[in-house]
Structures are given as C-alpha cells and as structure tokens.
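Please open the model in the viewer and keep the sequence panel beside it. The stops below proceed by selection, each followed by what is to be found there.

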Amino acid sequence: MDSDEDFMSAVSSEDDILPDDSENEDMSGGEDFDDFDEPDPDLGISKDFGQRKRVAYDIPFQVYKPADIQKQQDELVNEVNMILDIPKGEAAILLRHFRWNKERLIEDYMDRPRQVLEASGLALEPASLPKLEVLPGFMCDICCEDGDGLESFAIKCGHRYCVDCYRHYLAQKIKEEGEAARIQCPSGGCNLIIDARSLDLLVTPELTARYHELLNRTYVEDKDTLKWCPAPDCPNAIECGVKKKDLDKVVPTVSCLCEHRFCFGCILNDHQPAPCELVKRWLKKCADDSETANWISANTKECPRCGSTIEKNGGCNHMTCRKCKHEFCWMCMGLWSEHGTSWYNCNRFEEKSGLDARDAQAKSRVSLDRYLHYYNRYANHEQSARLDKNLSQKTEKKMVQLQKESGMSWIEVQYLNAASQALQTCRTTLMWTYAFAFYLARNNLTEIFEDNQKDLEMAVENLSAMFERPVTELADSKLKVELMDKTSYCNKRRIILLEDTAQNLADGRWTFNVELTGSAASSGPSNRA
Amino acid sequence: MSRSFANKRLAKELQKINNSLPPGIELVSAENFDEWTLDIRVLDDNPLYRGQIHRLKFKFGTTYPIEPPEVTFVNLPDRPIPIHPHIYSNGIICLDLLGQQGWSPVQNVESVCMSLQSMLTGNTKNERPPGDEEFVRGNRLRPKDIDFLYHDNTV
C-alpha cells in the first residue's frame with residue numbers, strides 16, 4: 001500500500017510547483033476532458049474546427065508535460081476518492097483497472113461495489129489479502145523445487161508458484177517487456193491479471209521505481225485521445241481528438257513542445273498531405289522487392305519457347321536462346337525464320353507472334369516508369385531535406401559569424417534560422433506529395449494539385465539556392481529582405497498546397513488507385529522492419 | 001538473471017526426462033544446458049508422417065523458463081522437416097506456445113515436444129505455410145525475433 005501513497009504524495013508536491021497556466025487549466029478541467037467517447041467533447045472539437053475553418057490541415061491538439069499528466073491523473077483520483085469515498089491509493093488502482101474510464105467505474109461501483117473491488121484485487125476481508133504461504137508438500141511447477149519451508153504465492157486462480165520464480169517472472173515482465181498494470185498469471189492459458197496489491201507484495205525494491213513509472217504510463221496508453229511524443233527522451237504526451245476511423249479523411253499532424261512533428265494517427269514523422277494508409281503502402285513498396293520484379297520484366301525478355309529470362313546487352317537482333325537454342329528476333333519476339341530476307345532489320349510490326357510479348361512488356365515498363373518517376377522525386381526531397389538539415393547545423397555557426405562580422409544582434413540574424421526551418425518543412429511536405437501523387441487517380445483536381453506542387457517546388461529550390469550563398473553576401477540588407485520574402489513565400493505555398501489537399505480529402509473528392517481503408521490483413525509471418 | 005536459475009531447472013528436467021519420456025519422444029543429446037536435441041515421431045498412422053522421425057533442437061537462454069526456448073526442426077538425411085502449414089521448410093516453427101505471448105514458464109521441454117507431436121498428429125494438410133519459399137529465402141532473423149501472426153487456430 002505504501003507505494004501507492006508514495007505515488008500520491010509525489011503527485012501533490014509536483015502539483016504545487018506547477019505554474020498556473022490558465023489554458024492548461026481549461027483543457028484538463030475534469031469532466032469535459034476525460035471521456036472523448038461522449039458526444040459532448042466531440043462538439044468541442046467541431047467547434048474548434050469551426051473557429052479554425054480557414055486551415056483544414058491544421059488539427060487542434062494539446063501538449064501535456066509530465067506534470068500536467070500527473071495532475072490530470074491526480075484530479076481523477078481525487079474525484080473518485082470524493083464521490084465513492086474510498087482512499088486515494090485504492091481509487092488509483094480502481095481507475096487503472098477500469099482503464100481510466102471514470103464514468104464506468106463509478107457506475108459499476110454504485111451497482112455492485114463488492115464485485116468491483118474483488119475484480120480489481122481490492123478484497124475487503126483481511127483473510128483474502130494476498131500473502132505468501134508455506135504449504136506442506138508443495139512443489140513449484142516452474143523451478144521444480146519442493147523443499148520444506150518454500151514460500152509460495154498464488155492469485156485467485158490458484159496457480160501456485162514459489163516466490164523466487166514469481167519474482168523472476170515479474171522482473172522479466174516489468175524490466176524487459178514493460179508491463180505493469182496487466183501482468184497475467186504465469187500459468188499457461190490463464191489470463192487472470194495479477195492485481196495491484198499482490199504486485200505491491202511481490203515486486204522487489206530494485207524494481208519499484210520502474211514499476212511505478214510504468215503504472216503511471218497506463219494513463220496515457222489507456223486513452224485513445226492521448227499519445228506519447230515519439231521523439232527520443234521526450235516525456236510529453238499529446239492529446240488529439242482525431243479517431244482511427246477518420247484517418248482517411250484527415251492527416252492529423254501534431255507538433256510537440258520539443259519541436260518534433262509527427263502524425264497522431266500512425267506516430268510516424270509528419271507526412272502531410274499523404275494519408276496514413278498511403279504512407280504505409282508507400283513505405284512498404286519502397287522497402288520490398290516488388291519493383292525489382294518490375295525492372296526484370298521491363299528490361300529483360302523471356303525466350304518465347306522455354307521462358308528463360310534474357311537481358312540483351314549488345315549485338316544484333318538475331319537471338320539464339322542459350323538453353324533451348326530457339327532462334328527469335330529480339331525486336332518483335334517472332335520466329336527468326338519468318339524474317340526471311342529482312343536480316344538484322346526488323347520492320348515487321350503487326351505480326352501476331354510478337355504482339356503479346358510486346359504488350360506485357362510495355363505494361364510493366366509503364367508501371368515501372370511511373371513508380372520511378374514518383375520515387376526519384378520522393379527520394380530526392382528526402383535526401384535534400386537531410387542535406388538541408390546539415391546545412392541548418394551550419395546555420396547556427398553562420399549566424400554567430402554574421403553577428404561578429406556585421407555587428408547584427410541575435411534577433412536580427414534569426415531570418416537565417418527561419419529560412420532553414422522553412423526549407424526542411426517544405427521539403428518534407430514535397431517529399432510526401434510524391435508518394436501521395438503515386439496513388440492518386442487522375443481527375444480535374446489533380447491538375448490543381450500538380451500546379452501547387454510545382455509552385456512549392458520552385459519556391460523551395462529558389463530559397464535553397466539562395467540559402468547556400470556565403471554568409472558575407474547574405475548579410476547585405478537587400479539580400480536579407482529577399483531571403484525573408486522567399487522564406488515566407490515558401491511557407492505560404494506550402495499552406496496553400498496543404499489547405500487544398502486537406503480540404504479535398506475531408507470532402508472525399510480525391511480518388512485513389514488503391515483502397516484507403518480496410519486493407520486486407522496479411523497472413524503469414526511479418527518480419528519486423 | 002543468473003544462469004544458475006535456468007541450469008537448476010534444466011537439471012531437474014533432465015533428471016525427469018532420463019527417467020521416463022512419453023512414447024514417441026526420445027532424448028538424443030543433452031551435453032550442456034545451452035542446447036538439447038530430441039527426436040519425435042507421430043504415434044498414429046497419419047499418412048503424412050508415416051515411418052518418419054523428426055529431429056528437434058532446443059536452445060535455452062539464460063532466462064529460461066521465464067522466456068521460451070528456441071525450438072526448431074533440424075534437417076538431416078534421415079530426419080526430414082515435417083510437412084505442416086505452420087512449419088517452414090527451414091525448420092522454423094510458427095506456434096504461439098513458443099512465442100513471448102503464448103509461452104508460460106510452466107511449460108517445459110517435454111510439454112513442448114508433446115504439443116508439437118499432437119500438432120503433427122492432428123494435421124491433414126500436405127502443405128507448407130503460405131509464402132514459405134519467400135520466407136526461407138529472405139529470413140535473416142532468429143526465430144524469437146520474428147513477428148508471427150497467430151491467426152489460424154484450425155491446425
């Protein structure tokens with residue numbers, strides 16, 4: 001028990017040092033925040049949409065620091081503590097048991113308090129409190145020990161193991177697998193979750209800190225509207241009301257206080273304007289071998305008789321298959337003997353024998369060309385964004401240098417930083433426009449899209465070229481103004497493009513050449529990337 | 001976790017195995033506590049496995065039995081890899097029991113052998129898993145690092 005009280009007191013002390021941020025206060029204020037399944041907060045979000053109607057790609061979200069998260073948990077615990085009149089430590093256990101769904105907890109508890117307490121491991125009778133026992137004739141099924149005085153433990157399912165094995169098991173779960181609130185009984189096929197009181201009894205001191213850290217995380221992990229910022233070492237969580245089923249309509253990019261921009265739907269880095277499903281397909285396509293097969297069919301031909309794959313790397317059109325000695329014409333794939341006297345100059349076109357082979361090949365060539373067209377541009381922007389990133393590290397130095405040489409103040413050289421930021425964001429957006437376009441079926445809107453894409457691309461290239469000039473030139477006030485103009489033009493083009501794609505996506509006006517939702521589940525093993 | 005925990009348990013298991021094993025399961029070698037080999041065969045006359053004996057290799061980590069052992073079939077001239085929709089032709093087995101999620105520390109070498117034995121006995125499909133060829137050619141991962149999808153509960 002005392003560990004839970006520890007957790008509570010730690011919370012309240014942090015509470016005190018939390019700066020009184022009125023905006024945070026507003027968002028985290030108990031009721032209108034914690035249950036996004038209810039209709040009420042949904043209205044809040046659509047209202048928010050209404051206010052920001054001008055920017056369809058901009059999704060409302062809120063960043064929470066660890067102290068905010070703690071505070072929200074704390075408020076929920078306090079509330080349950082007051083309404084149900086149970087100690088705070090137990091309220092926390094109950095809330096975790098109910099996956100932080102306060103309404104359900106209160107309702108269930110009002111209906112049948114005994115069952116609720118029992119199910120979450122908070123048995124009332126002291127006799128059924130978890131304890132270690134020494135039973136005569138006991139043998140542990142894990143280590144096969146059966147000595148006298150062997151301490152053993154079992155939860156309600158009665159699967160009993162020695163304390164040592166139980167602790168080994170918990171250490172594995174907590175330390176290696178990061179589980180805490182929902183560790184199951186070690187017995188095979190027994191799904192009973194080990195309750196909090198039993199864990200308090202069994203978790204060894206060196207694991208306590210980790211155990212409580214993991215427990216606190218359940219708050220974010222249990223809520224669909226909360227997600228951790230995936231940036232390394234970032235402790236913040238982000239709240240966003242976009243649901244999984246909406247991901248074909250919206251690309252919910254959020255950005256953390258640590259400046260990491262990511263997609264709330266799939267946790268990957270920002271991939272506007274392409275929807276999550278397309279991103280998933282695109283990345284898979286780029287990673288797997290599917291285009292190798294296309295290359296083979298586009299650049300090789302198969303012997304019309306035995307089917308061996310042949311790449312022609314020189315010489316005349318009179319082919320003799322090495323395997324089956326079949327003689328044919330490389331150009332028309334027809335029999336060589338049919339060529340008669342038109343040696344080495346195939347000018348026959350409509351002969352039936354070669355038609356089918358050419359058709360199939362033309363198809364894979366078009367498909368490969370199409371993929372490579374988009375892939376090359378995608379990869380190019382990806383690489384440029386990486387190079388620009390190196391450049392931005394140099395920008396820091398540039399800015400210092402500029403301050404020294406021209407006597408400008410720190411604030412006056414910020415335009416370099418702004419330019420470098422704009423370059424990177426716009427490159428990322430451009431990169432994903434190509435993946436997006438790959439899956440886009442042509443209609444009237446694609447032309448507008450391609451114009452927007454072209455405009456942004458030109459703006460970015462212009463800015464990029466200018467940005468690479470030596471610092472001494474950039475210090476010139478005329479160039480400075482020009483650079484600032486170009487920077488803001490880039491940002492504006494990006495917003496126009498995102499605005500257009502997001503609006504059409506929300507209205508369902510794009511047509512894709514793949515299914516955007518409900519991709520068939522793949523069978524067999526899926527190797528981790 | 002110390003090696004001794006695993007060793008102690010394996011020593012106990014070995015003692016029990018040396019005393020008796022269920023029919024159709026035989027210990028081939030257990031020279032150390034890292035790797036054991038056993039032979040299993042199907043007891044009824046399932047035409048798919050009639051007259052065949054299969055060699056199993058168990059590899060134990062230091063965290064055994066808290067974590068599952070690595071179990072694969074070994075291909076030898078007189079020990080074919082059994083044909084089964086959950087067994088790849090390189091001997092890798094797709095069985096939830098052997099994965100992080102399905103494993104329980106109460107399982108042991110004998111129980112794993114029996115599970116595999118019954119998995120073969122109950123099988124009527126003369127086929128490899130879907131995508132076997134591609135998987136066998138492309139896989140560079142240890143069995144424990146493969147993310148199997150345990151979606152098929154029929155065989």
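A pocket is, on a 1 Å grid over the protein atoms alone, an open set of points with protein on both sides within 12 Å along at least five of seven lines; a cavity is a set of points where a 1.4 Å probe fits but cannot get out, and lining residues have an atom within 4 Å of a point. The model is predicted, so local features need pLDDT of at least 70 and side-chain atom pairs count only at pLDDT 80 or more, whereas totals for chains, interfaces and linings use all residues. Residues are numbered from 1 along each chain as its sequence is written, chains are lettered from A and ligands numbered from 1 in the order in which they are written, and side-chain values use heavy atoms, with hydrogens and water left out.

**Second largest pocket**

Select Arg261(A), Asn269(A), Lys389(A), Gln424(A) and Thr428(A), which lie nearest the centre of the second largest pocket among its 25 lining residues. Two elements give two or more residues to this lining: α14 (352-406) and α15 (414-438) of chain A. Helices (H or I, at least four residues) and strands (E, at least two) are DSSP runs, numbered from the N terminus. Helix α14(A) gives the most, with 9 residues. The pocket holds about 1000 Å³ of space, where a volume is the space filled by probe spheres set on grid points joined across faces, edges and corners. Its lining divides into 6 nonpolar, 12 polar and 7 charged residues. Here Ala, Val, Leu, Ile, Met, Phe, Trp, Tyr, Cys and Pro count as nonpolar, Asp, Glu, Lys and Arg as charged, and the others, Gly among them, as polar.

**Largest cavity**

Rolling a probe the size of a water molecule over the atoms shows where empty space is left. The count comes to 4 cavities of 30 Å³ or more, and the largest has a volume of about 60 Å³. To display its lining, select Ala56(A), Tyr57(A), Val250(A), Val251(A), Gln272(A), Pro273(A), Leu498(A), Thr501(A), Ala502(A) and Leu505(A). This lining comprises 8 nonpolar and 2 polar residues, and no charged ones.

**A sheet in chain A**

Next, select β2, β3 and β4 of chain A, an open sheet of 3 strands in the order β2-β3-β4 with antiparallel pairing. Strands β2 (133-134) and β4 (161-162) stand at the edges with a single partner strand each, so one side of each is left without a neighbour in the sheet. Two strands pair if DSSP finds at least two bridges between them; β3 (residues 151-153) and β4(A) are joined over 2 bridges. Within this pair, Phe153(A) stands opposite Tyr161(A).

**Thr309(A)**

Move to Thr309(A), in strand β10 (residues 309-310) of chain A. Is Thr309(A) buried or partly exposed? At 48% relative accessibility, Thr309(A) counts as partly exposed (buried means under 20% relative accessible area, exposed over 50%, partly exposed in between, with a 1.4 Å probe and protein chains only). Leaving aside residues up to four places away in sequence, Thr309(A) touches Ile296(A), Thr300(A), Lys301(A) and Glu302(A), a contact being heavy atoms within 4.5 Å.

**Chain B**

Of its 155 residues, 46% count as buried. In β4 (residues 70-74) of chain B, 4 of the 5 residues are buried. Strand β3 (residues 54-59) of chain B runs antiparallel to β4(B), joined by 5 bridges, and Lys59(B) stands opposite Glu70(B).
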